[in-house]
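Subject: Structure for you to look at

Hello,

Here is the structure I said I would pass on. My notes on it follow below.

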2 protein chains.
Amino acid sequence: MSYKVLRFFKNRSTLLRLHNPVVSYNFTKCIATSSQCKIQEEVAKLLALKAQLAPEDAAPQKFSLKTPKGTRDYNPQQMSLRNGVLDKIVTIFKRHGGECIDTPVFELKDVLTGKYGEDSKLIYDLKDQGGEILALRYDLTVPLARYLAMNKINSLKRYHIGKVYRRDNPAMTRGRYREFYQCDFDIAGQYDPMVPDAECLKVVTEILESLDIGQYVLKVNHRRLLDGMFEVCGVPSDKFRTACSAVDKLDKSPWEEVRNEMINEKQISPDAADRIGEYVRLNGGTELVEKLLKDEKLAKSKAAIEGLEGVKLLLEYCELFGIKDKILFDLSLARGLDYYTGVIYEAVLTQPIKVGNEEQTVGSVAAGGRYDNLVGMFDSKHKQVPCVGLSIGVERIFSVMEAKLAAGVISVRTNDIDVYVASAQKNFLEERMKICAELWNAGIKTEQSYKKNPKMLNQLQYCEDNGVPFAVVLGESELKRGVVKVRNVTSRQEDEIPREKLVEELKARIAALSVKDVNGSA
Amino acid sequence: MSYKVLRFFKNRSTLLRLHNPVVSYNFTKCIATSSQCKIQEEVAKLLALKAQLAPEDAAPQKFSLKTPKGTRDYNPQQMSLRNGVLDKIVTIFKRHGGECIDTPVFELKDVLTGKYGEDSKLIYDLKDQGGEILALRYDLTVPLARYLAMNKINSLKRYHIGKVYRRDNPAMTRGRYREFYQCDFDIAGQYDPMVPDAECLKVVTEILESLDIGQYVLKVNHRRLLDGMFEVCGVPSDKFRTACSAVDKLDKSPWEEVRNEMINEKQISPDAADRIGEYVRLNGGTELVEKLLKDEKLAKSKAAIEGLEGVKLLLEYCELFGIKDKILFDLSLARGLDYYTGVIYEAVLTQPIKVGNEEQTVGSVAAGGRYDNLVGMFDSKHKQVPCVGLSIGVERIFSVMEAKLAAGVISVRTNDIDVYVASAQKNFLEERMKICAELWNAGIKTEQSYKKNPKMLNQLQYCEDNGVPFAVVLGESELKRGVVKVRNVTSRQEDEIPREKLVEELKARIAALSVKDVNGSA
């Protein structure tokens, strides 16, 4: 027998996943590195034996009952939280004239190719089943650019909320999944400098304030200024992007690490790196812009001046919008994505969020910037449609709220039922049904038990568990007198109401309720 | 050169798609049928030549700017219509206590295997990129069953609206796509017979009435009755399902065709087919149930009696819910899906919908039934959770409404802006920005031009094109006097309002507006 082989692999810490279709892949890799043909033979024998032992067709259907790696179901509580958050965000998108669009969850693979640099390896491909070669969308920005170019649209203010897909290493405890929501607002069109850009910042502040998730700062920078800064620090122009991706790590790593990466991995000279180091530790407001405009080195770069003039104008507009106290001009903000061409920004929570006794550092909750060249990549004549946009980090926000929910800090109703129709005695199903129909027809959110003869206690318990405010309680003696009891579930107060006035009475009581659930929605 | 081969394929009407990755697939098929090895050789040469001529890496990136076959983008008008329809449907799901869940758009392939019979070939598989073998969900029912079994949930009333995927031959003009929305409501749990089933029918009627799409009939039947009927007609039990799928075609085909299919394709005896023919032409109400309960043949079948008793009880409950006039007990209703075990139903519009001068036959707009065994397929101990549910045919409803929209029968606003801040003179951007911020902060849906000095005419035109009811018009002389003009866009009436009362005044005017758009939403 081939247990020898088995042990060999185990000894090399290679997981032998006999029941896993990737087994051949793992073996192949291993063999390629070890170059031992003998192993290959033994493995083939082993697999042949395995095939004999459990032919796939004959085996009983067995599978692990789970969702795919990096994905999850959303239960009613989670959906209630999510819908509450998304409703608030959409309200603000609409307040600014946002129109909603949707695009297919998959695109022709070619549409996504060449848009995400190194990250392209994270794209989910569909199997070639004959026909077109497809892949799941990686974000909502590239589909927007494809949509604008395909339909020859020159201006659009749109929002789009949808799931996107990345074959990333999921860190689910930190709210990072392979399937997750994006929530984007973008303004496309040829307009005057910084006017739509400033409105995007205003939208971010309105959303973060309406979600009430704590203190935040909205960092801004400009791609042209970064380019100019690299230029005057002596970075060759073909290394601007790679320098940018190094600087982008400054929110997580100290300068020393970033400096080492620049010098050792990106082949940027130590002198240049040190000059960059001087700049990227700067942050402030308009006074910093003014100071940098007078910086002798930066003044030599057209790009730097353009960037600085842009930031200056943006800060003026932020002042007019009354949000300047939230804005921090920060030269260390770089943003990884290649496609940005102008202003870039990122909102960061400045305090950890308390969940029970634990503190959770959340970090970035919104980000975006200007990308003027992306639409042109899809147009046969490279016609540009300038765009600026923002993305709300809804998954991080959800994960904070879910943690709060789990810790009992907040609560949420998963159904909105206002009235439960109950009966204290047997054989009242028919009467309950008639009353339910009457209430439903009047638009009243109503439930009843699906059992013919439910126990009174269970019915009242259901109301308490689900936060149902009112119960209609049917009883023989009351019905004979033409009345029903209406019970306030919280106070346990019961009143007799004439049967024919029931709808009217319930409507009045529901309207009078000023109970607001955590979503703030009705 | 191999132009000979090229001509050969063209002559055989085989499309030679040199720029298409499926080329090898098409060739292989062709070769397999012709068995001409010589062709294979020539093709190989041709492909080698092609590879030399245009190596993939060197070729400029070219692709057709389109969405994948059978999919589409939804523009703001379509989304506005859709969101309006879905809002109404969700309102009714919530009125009945429905809770919202969501599941990943893909599942482990094994979860979907063996649930859809022949239609499994329509499932979209993801490419094996190492890791798990995944496929896009085909409906929302199997994910619900997986969710219930995985989380050991015994009862749940849930709704779920999401996209599902089928590699079907799209008939997009008739509203059939490869990516489309499903909109499901299901009640899971062990309850008394027909109580939740009747509520599902009530939900369907409420939805169809709230959508106001015309007269409809809600056909009901019972799988046990169908089984009993086939039994007493002499169909062997292993042919019940196939007989069912033949009967299912009666809504599209005349009885003669269905009879022929039964006899010639399904090997059902002509006698049995004729007996089935007698039954499936029957439809009616409670009186038909009573008549069939006395039918000598059916009385011999336990299944038939169970089915009939079920329908009888269901009709009683429908009477209590006040919807019996919408219900038609119809023995020809069969429903294709294997997993139904009890009552089945389908709502059909009885009149074609008029769109301009054309009439459109819509057919089925909602359907569902009881499936008591599906959850058990996912449970290691085969523990059952009985379920009954309904699916609203939202795509058909959308396509009717889109046709109406295109014909100008209905109109829809794509943004909800209430106020546009305009200026008649140059250099008012700063003042406009301040006022916009003030209105946004007060929750007023406001827009302005993103240009520094927009033309007055363009600004007012924007309001008219987008149905914006009010414009705030800034002017130098007014601002000096501490007032601004508020213009009613429709009536063109302008009033001077003190600057400090602007928010208050606009709020009052917006509240007074009783304009309802086609969605009926604010």
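The side chains of A:Asp186 and A:Arg158 are joined by a polar contact of 2.8 Å (a polar contact is a pair of N or O atoms within 3.5 Å; within protein, one must be able to donate a hydrogen and the other to accept it, and residues adjacent in sequence count only if both atoms are side-chain atoms). This is a predicted model, in which local features need pLDDT of at least 70 and side-chain atom pairs count only at pLDDT 80 or more, while totals for chains, interfaces and linings use all residues; side-chain values use heavy atoms, with hydrogens and water left out. Residues are numbered from 1 along each chain as its sequence is written, and chains are lettered from A and ligands numbered from 1 in the order in which they are written.

A:Asp186 sits in strand β5 of chain A (helices, H or I and at least four residues, and strands, E and at least two, are DSSP runs numbered from the N terminus). With a relative accessible area of 4%, A:Asp186 is buried (buried means under 20% relative accessible area, exposed over 50%, partly exposed in between, with a 1.4 Å probe and protein chains only). Apart from neighbours within four places in sequence, its contacts include A:Arg158, A:Leu144, A:Tyr371 and A:Val388 (contact means heavy atoms within 4.5 Å).

An unreviewed UniProt entry places the feature "binding site" at A:Asp139, A:Leu140, A:Thr141, A:Arg166, A:Gln182, A:Asp186, A:Arg335, A:Tyr339 and A:Tyr340. UniProt positions are given in the numbering used here, feature names are shortened, and annotations may be inferred rather than shown by experiment.

A:Arg166, another position in that record, lies in the loop between β4 (156-165) and β5 (179-188) of chain A. Its relative accessibility is 19%, so A:Arg166 counts as buried. A polar atom of the A:Arg166 side chain lies 3.0 Å from the backbone oxygen of A:Tyr138.

Now the two chains together.

A:Thr103 is in the loop between β1 (99-100) and β2 (106-108) of chain A and, at 1% relative accessibility, counts as buried. Beyond four places in sequence, A:Thr103 is in contact with residues of both chains, including A:Arg137, A:His160, B:Asp73, B:Lys163 and B:Glu179. A:Ala149, in helix α6 (residues 141-150) of chain A, is buried at 4% relative accessibility. Among the contacts of A:Ala149 are A:Asp379 and B:Leu65. The C-alpha atoms of A:Ala149 and A:Asp379 are 5.6 Å apart, although 230 residues separate the two along the chain. On chain B, B:Thr414 lies in the loop between α15 (394-406) and β14 (419-423), and its side chain makes a polar contact of 2.3 Å with that of A:Glu99.

Two residues have backbone angles to check. Phi of A:His382 is near 55°, a positive value in a residue other than glycine, and A:His382 counts as exposed at 54% relative accessibility. B:Asp212 is not a glycine either, yet has a positive phi of about 55°; B:Asp212 is exposed, with a relative accessible area of 63%.

Chain A has 18 helices and 18 strands, and 54% of its 522 residues count as buried. Among its contacts between residues at least 6 apart in sequence, 67% join residues at least 24 apart.

Last, the confidence. Chain A has a mean pLDDT of 86, and 85% of its residues reach 70 or more (pLDDT is the predictor's confidence in each residue, from 0 to 100). Over residues 51-61 of chain A the pLDDT is below 50, and this stretch has 3 contacts in the model beyond near neighbours in sequence. Residues 515-522 of chain A are also below 50, with 11 such contacts.

Regards
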